[in-house]
Every structure is written in structure tokens, then in C-alpha cells.
Amino acid sequence: MAKVLLKGNEALAEAALAAGCRFYSGYPITPQTEILEYLSWRMEEVGGEFIQAESELAGINMVLGAAAAGARALTTSSGPGFSLKQEGISYLVAADLPAVIVDVMRIGTGLGDIAQGQGDYWQLTRGGGHGDYHTLVLAPASVQENADMMAEAFDLAEKYRHPVLIASDAAIGQMIEAVEIPEFKEHDINKFDWTIKGCKKGTEQRKIQNVYYTHPDYEGYLSEKYRQMEQEQRYETVQVEDAELVLVAYGISSRVCRETVEIARAEGLKLGLIRPITLWPFPVKAFKEAKAAKAFLTVEMNILGQMVDDVKLAIESKYPVDHYGSIFEIPESDGIIAKAKEMLKKEGK
Amino acid sequence: MRLVAPETVTFTQSGFCPGCGHGLAVRLIAEVMEEMELSEKLLAIVDVACGSLNIDSWRFDTIMAAHGRPIATAVGVKKVRPENPVMAYIGDGAAYSIGMAETMHTAIRNDNVVAIVINNSLYGMTGGQCAPTSLPGQITTSTPKGKDPKKAGMPFRVDQAFSGLDIAYLARGSLADAKGMVQSKKYIKKAFEKHMRGEGFCLVELLSPCPTNLNMTPVKSVERIKNEMIPFFPLGEFKDKKEEA
């Protein structure tokens, strides 16, 4: 397929259809609304169902029904709306249901504002709803990845019968880039026996409910499920091998950091970059490549440095970890390099 | 009157209290499904409250959805499987309190799903708290001095609130006696007939006894329906949209 110019949100929407998604229900909220608007006309063209729900609560619970009935179902939101989805995400996890939920992150707590942000990291990676769970989280860094990750998200969701989250942000959602939409795939709603379709006489009734009620070894079953999901670590590294300071960044921040590494190296400063593609499971494996590192610096669009703890765990707190936070704008290389120099100075370099 | 229950009623050990109305509603739904030859097609969505126990009481493919969300979940199911009958089975707390937005907007969109709402005038699963359907003066665990309409409002009447909406069917039956059950079964059947013709949202409310939480004998709790509930919640059909030619 030829490349086309698309907004990140639209590419994500079209790629969802390409991945066989034929059910969407969502609620408008900036900066993800283009997904809803795009699917409002495009879903019908491919014979799927689009519902503008009365709330995010209704939207996610419609997705739960559609997923239980066998469809590849999608809902999308941002910040305040994503919080409202947590009830349903917790129920999807509990009932072993696959679905894809996108959070096009915006800045801040409470209402916050509509600009890009990376403040939902904890909510995304710690199980944002009530209970005892994680979900797989994919973090795209370009319009092309917005498209490519949809198919992967649906495949992973079905593989584990578990919701998969996509952590996009306002910058990626709103930017326009050339993108190749993956080839269209058909999805069969009768592909799996466990989906509800009507109970034939003399056959076993299908029950979609909390696995707690149905599995004889619930604890063992869940432990094994999460053990397997933890193997799905995806990441990218840039000149990490000989780096004295390793930047850790995902999403739009990782794109800036890629450039930062180049600029710093031209100045003789050995920086590298670990870019988590899965935020959960956190790509612990990637940190093995950082053989010369003396310090680590996360670059995130939030104030509290939400990813710092995960980096500390990955390197077993052997080296200092700090955070370069830029809340009101996308981080810039100058500031990152200045902070990196400061850290290395402290380490006696 | 048939004596043998349909094959879809499981008779496994039930979690329902003695004198509870849920078993009656299950029986009526199962009979309607059998008569309409829909037993092998029905997709049911139950709430997490007392009605959730039905997942084991009947042998239909069933989702146990979040509290108050079964109607929204049913809409999702129906869109994916339009050929199947799809029913949300919920209580009055789910339908008219926490899930009121979902109930109302499904009605506004006239989505083609059936909602069976069990109205027992209180929250059963959590031990008998005040509901939007509780009667004035009703003693509950959260209104120990009796429900004060000045604070909590009058009982919510779906017939008043929803009959102006462009929905396919709205009726209220009673599970208090044989006459009420015969009538209720007719309403349930009509709802499913309209549903299968694709006419839209059908809601049937059933007045149901909850002796445990009312601190009454089963007999007293059905008498209460007739003497105290029906004056507030009139029985009958309130909306019966004719098929469009």
C-alpha cells in the first residue's frame, strides 16, 4: 500500500479497521476526538458498528459486550475520560476479555489541559482501576507506529485474552506524517469458542464473568498468565553499549532524545537511549546493554518522574537515576544535555 | 399452567433467599424463550447484584457485567450479533440509580435490546438499603427512620419518565400472584416479539418480593406488593409502539 499523509489519530483509527476492528464506542475528549470523528463515518463503510456513547463508562462497557460477543472492539479517550474507563478495564481483565483501549495522553491532573503530556504512566502501568492487575501497554512514537501497533495490540489482546492499552499522546495524535496503513484483515467473530453466541441444547453454557468464580486454581492461573505476559518486552536502543549516561524515554519524548544523543555525541558526550516500546512489561532486558553507564536519566512530560522507579528496579539501583521533566512543552535537547552534564559531573566525570 | 420447567432452568443450588422473586422471573423468561424457540439463541447480560446468581440458574450464554452497566453491555453485544435476542436482566438500583444514564440513553437511541428490570424497592445484594424505588416512609438500613421524600424524593416511576420517549415497548408486571405472573409473562413475550422484529428498546419492569430485606415472611412480602407497591407502581403497558408500515 502506498504512503498517505494522515494525522496520528486518524492513522490509528484506520489501522484499527485494517486490524479487523468492527466495533467502536467512545466519547469526545480532546486530543483524541479525531479518532471518534473518523470512525463515525469510516466504520460504516467497512460494515462495522460505531456508537457515540453517553459517557466513557457506557463506552467501555459496550466494548466489553462487543468483545464478549467476539468482535475486535476499540475505545479511545484521554486523561479525565481515561479515568472513567478504568471500571470497565478492570472488568475486562477480570473476565479474560480482549479489547484495545487508547489513551491519547494530555497534560495534568484533574482537568489538566489539552496539550501533550505523559502523566498517565502510573495509571497505565500499575493497573489503573481497582484490583490486582496489569495490562500490556504499547507506546507509539510516530504516526506510522500508531498504525502498526493497532494490529499488534489486537493480536496480543487475543493471545492473552486481556485488554491491551496504547499510550499515545497529543503530539503524536495531532501531528501529520506519511504513513503506510497495514493491509486489511478480516476478523471472524466465531473464531473463539468462548465467545457468547447462544447455548445449544446439551452443550456447555458460556459464562463471561470474573475468572475468580470459575477457575479451580485462580491464583496459579493468574500468576502464570502474568509471567507469560512479562516476556513481551519490546524496546529500542540507540548507542547504549558505550554510553556513559543513558536516557530513558518513550513516545514523543523518545524522538527528541534520539536527536539529543546525536547532538551530544557530536560534542563528545557519550549519551545513549533506551526507548521502552512496552511500558508494561517494562523492558528490563534492554538495560543489560548499558555496560558503560554511570547514570540514567528519564525524559518525561511530567513533574514527578513517573518512570524513575521502573528504571531503578531494572538496574537494581546500582547507579543514580534522575528525571528531566518538561510539563508545559515537549522536552528539548539543550535542556536534556545540560542535565546530563550535571549528572555526570556529580559522578566525577 | 405448565408444571414442568423448561430445560434451560438449571435447578442447581440457588443462592436466592426463600420467597425471592428472581426464580419466578427466570422461569417466565425461560418459558417465553422456549415458546418462541429462542432458547438456543438468547444472549443474557446480568448485573453483579442479586440477579447475577441467574448465571447459574439458567442455561443461556451469559455475561456478568459491571453494576448498572448491563444495558450498555447488551447494546455492545447486540451490535455484534444482531440475529440473536439480547436481554439485560437487572435490578431497580442498577437500572434507575447507578445505571440511569445507560438506561435512559439506550431508550433515547431506541437501541434494540430487551431490559427486564426487577423492582423490589430496595438494594437486595447489599442488605436492603434505600433505592430510588423505595416507598415514602419505607424503613431500610439506610433510612432507619423511614424514607423521607423531602430528602430522597418520591419513588421513581419508569412509566412516567420513559413513556414520552420513542421506544418500542414499556410495561410493568407483578410477580405477587398467579394473575400477575400470567400478565407479566405476556409482557415479556411481547417485548421479545418486538425485539425480534427489530422495533427497538423494550423495558419490562417486574414488581418482585424481597422478604429477607423487608424483614417479612414470603407471604407478607407479596401482600405488600399488592397493597403498598402497586398503588405507587401501576401495572400495565405504557408504551406499545406500533410497527411502522
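This is a predicted model: local features need pLDDT of at least 70, side-chain atom pairs count only at pLDDT 80 or more; totals for chains, interfaces and linings use all residues.
Helices and strands are taken here as DSSP runs, helices with at least four residues and strands with at least two, numbered from the N terminus.

The C-alpha trace of chain A spans about 75 × 45 × 40 Å along its principal axes. For 349 residues, a compact globule would have a radius of gyration near 20 Å, and the 21 Å of chain A agrees with this. Of these 349 residues, 53% count as buried. Among the contacts in chain A with a separation of 6 or more, 78% are between residues 24 or more positions apart.

Chain A is assigned two domains: domain 1 covers residues 4–229 and domain 2 covers residues 235–346. Their centres, taken over C-alpha atoms, are separated by 29 Å. Where the two domains of chain A meet, 21 residues of domain 1 are in contact with 19 residues of domain 2. On the domain 1 side, the elements that give two or more residues are helix 5 (121–125), strand 6 (136–138), strand 7 (163–169) and helix 7 (170–174) of chain A. Helix 5 of chain A provides the largest share of that side, with four residues. By class, the domain 1 side has 13 nonpolar, seven polar and one charged residues.

Attention can now turn to the meeting of the two chains. The contact draws 32 residues from chain A and 29 residues from chain B. On the side of chain A, strand 2 (21–26), helix 3 (56–68), helix 4 (79–94) and strand 9 are the elements that give two or more residues. Helix 3 of chain A gives the most, with nine residues. The side of chain A that touches chain B is made up, by class, of 15 nonpolar, nine polar and eight charged residues.

Strand 9 of chain A also takes part in a sheet with strands of chain B. In general, strands of a sheet pair through backbone hydrogen bonds, either parallel or antiparallel. Strand 9 of chain A runs parallel to strand 2 (residues 61–64) of chain B, and two bridges join them. Within this pair of strands, Ile208(A) has Ile63(B) as its bridge partner.

Further along the sheet, strand 3 (residues 86–91) and strand 4 (residues 114–119) of chain B run parallel and are joined by five bridges. Here Ile90(B) has Val117(B), in strand 4 of chain B, as its bridge partner.

Thr33(A) lies in helix 2 (residues 33–45) of chain A. Thr33(A) and Asn9(A) are 24 residues apart along the chain, and their C-alpha atoms are separated by 8.1 Å.

Key. Residues are numbered from 1 along each chain as its sequence is written. Chains are lettered from A and ligands numbered from 1 in the order in which they are written. Two strands pair if DSSP finds at least two bridges between them. The radius of gyration is taken over C-alpha atoms; the globule rule is 2.2 Å times the number of residues to the power 0.38. A residue is buried if 20 or more other C-beta atoms lie within 10 Å of its own, exposed if 12 or fewer, and partly exposed in between; C-beta atoms are placed from the backbone. Two residues are in contact if their C-beta atoms, placed from the backbone, lie within 7 Å. Ala, Val, Leu, Ile, Met, Phe, Trp, Tyr, Cys and Pro count as nonpolar, Asp, Glu, Lys and Arg as charged, and the others, Gly among them, as polar. Domain bounds come from an automatic or database domain assignment.
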